[in-house]
Amino acid sequence: MPRFFPNSTLVFSGLGYGSDGPYLQMNDLEAKKQMRLPVLGRTFTMRKLPQRYCIGPFDLKTYESSACDLAAELPDESTYKDDMCPACREKTGFNPAFYNAESISPQQRAYNLTPHFVYMAYFSPAHLKVGISSETRGIERLLEQGARVAGILKRYPNADEARALEAHLCSQDGILETMRLGTKNKLLSEPFDAQAAMECVYETARRFDIEPECGVLDLTPYYFGKVDAIPDLIQVPDGSPEDVCGGLCVGMIGGTLAFEQEGNVFVVPVKDWETYAVEITVGEVLCEYEYEPQQMGLW
């Protein structure tokens, strides 16, 4: 069984979307370096190990991350929820809920002064989420969300002005500020029409007298490589193991991998695996998914 970097301790430290498609980010603990593992079209098995480690800091100016210099091991998740050690957390200085914080770091203050935009993310006609993101990140935040389509509603010179519109919209009926990953995954099996989804975002924004400033995007190609590569059927496996996933990767939607096994496509959430040491076996499928046959919606 060919192991990926068999002589290293690999820590799952993040995920993202590059020019060659979605990737998993791994920290080599001993070398204190990061690497990207492109996943689209690759067959592999990933097993989560019990040990947790700091994922390392990221720079709010360049939005570049790095491995933890201390290779710090983290306590059990039940007692320590953070994904960074105290040194890396201080170095990063980021608080996504800065508007509720009593004080913010100099890094956060500078980050908040960068241009931000307000977005509306579509998951289903009944699940529309509004949030903000710095323009320095491009559409990375939308992809991390796993939105099927998304509209850039308005651009602002700083985070505080963007937050004001976000707070207003999230106080309205039918607009969500947060969504659980489990809900997002279940919605992946529902019928999806990109054109209808984009129209839904336009119409909802116009209800609040907002014309999406940068239009509405179909994010499918970022997840699956191209539109015609979307699986016809996709489902959440029954009784799937919590510490191993695998198959032929046909896509990654937000923090969820889509694996094909014997002609069936299953979604497996891996975002919560960040901070954990992992073992990756290349070219082999060492877990099997079960499911109850059912009529699924077409994408």
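Q: Is L10 buried or exposed in this structure?
A: L10 is buried, with a relative accessible area of 2%. Keep in mind that this is a predicted model. The cut-off for calling a residue buried is under 20% relative accessible area.

Q: Where is L10 found, and what is it in contact with?
A: L10 is found in strand β1. Leaving aside neighbours within four places in sequence, its contacts are F4, F5, N27, D28, M35, Y276, A277, V278 and I280. There is also a pair to look at in space: L10 and Y53 are 43 residues apart in sequence, with their C-alpha atoms 9.7 Å apart.

Q: How should I read the pairing of strands, and which strands pair with β16?
A: Here is the general idea: strands of a sheet pair through backbone hydrogen bonds, either parallel or antiparallel. In this model, β1 (residues 10-18) runs antiparallel to β16, and 2 bridges join them. V11 stands opposite A277 of β16. Strand β4 (residues 43-53) also pairs with β16 in the antiparallel sense, over 6 bridges. There, R52 has Y276 as its bridge partner.

Q: Why is β16 described as largely enclosed?
A: Strand β16 (residues 276-282) has 7 residues and 5 of them are buried, so the rest of the structure largely encloses it.

Q: How many residues does the largest nonpolar core have, and which have the most contacts inside it?
A: The largest nonpolar core has 48 residues, and those with the most contacts inside it are L24, M46, L257, V270 and I280. Strand β13 (residues 244-253) gives the largest share of this core, 6 residues. Take L24 as a case to click through: not counting residues up to four places away in sequence, L24 touches F12, G14, L15, M35, R36, L37, V39, M46, M252 and L257. A second, separate core has 25 residues, including Y122, L153, M198 and V216.

Q: What is the strand order in the open sheet, and which are its edge strands?
A: The open sheet is formed by 5 strands in the order β11-β9-β8-β10-β12, with mixed pairing. Its edge strands are β11 and β12, each of which pairs on one side only. Further in, β8 and β10 pair in the antiparallel sense over 7 bridges. Within that pair, Y119 has I152 in β10 as its bridge partner.

Q: Which residues of α6 are buried, and what covers them?
A: As a general idea, an α-helix has 3.6 residues a turn, so residues three or four places apart point the same way. In α6 the buried residues are A194, A197, M198, C200, V201, Y202, T204 and A205. What covers them includes β8 (116-124), β9 (127-134), β10 (149-156), β11 (175-176) and β12 (216-218).

Q: What is found at the start of α6, and what follows the helix?
A: At the start, a side-chain oxygen of D193 comes within 3.0 Å of the backbone nitrogen of Q195. After α6 comes D209, whose phi is positive, near 60°.

Q: Which other residues have a positive phi, and where are they?
A: In general, most residues other than glycine have a negative phi. F5 has a positive phi, near 50°. F5 is found in the segment before β1 and is partly exposed, with a relative accessible area of 37%. K32 also has a positive phi, near 55°. K32 lies in the loop between β2 (21-28) and β3 (33-38) and counts as partly exposed at 44% relative accessibility.

Q: How many disulfides does a search of the whole structure find?
A: The general idea is that a disulfide is a covalent bond between the sulfur atoms of two cysteines. A search of the whole structure finds 0 disulfides. C85 is in no disulfide, and its nearest cysteine sulfur, that of C88, is 3.7 Å away. C85 counts as buried, at 4% relative accessibility. C170 is in no disulfide either, with the nearest cysteine sulfur, that of C200, 15 Å away. C170 is buried, with a relative accessible area of 15%.

Notes: Residues numbered from 1 in each chain as written. Predicted model: local features only at pLDDT ≥ 70, side-chain atom pairs only at ≥ 80, totals over all residues. Heavy atoms only, no water. Disulfide = S-S within 2.5 Å. Buried < 20%, exposed > 50% of the residue type's maximum accessible area, 1.4 Å probe, protein only. Helix = DSSP H or I, 4+ residues; strand = E, 2+ residues; numbered from the N terminus. Contact = heavy atoms within 4.5 Å. Polar contact = N/O pair within 3.5 Å; in protein donor to acceptor, adjacent residues only side chain to side chain. Pairing = 2+ DSSP bridges. Core = buried A, V, L, I, M, F, W, Y, C linked by side-chain atoms within 4.5 Å.
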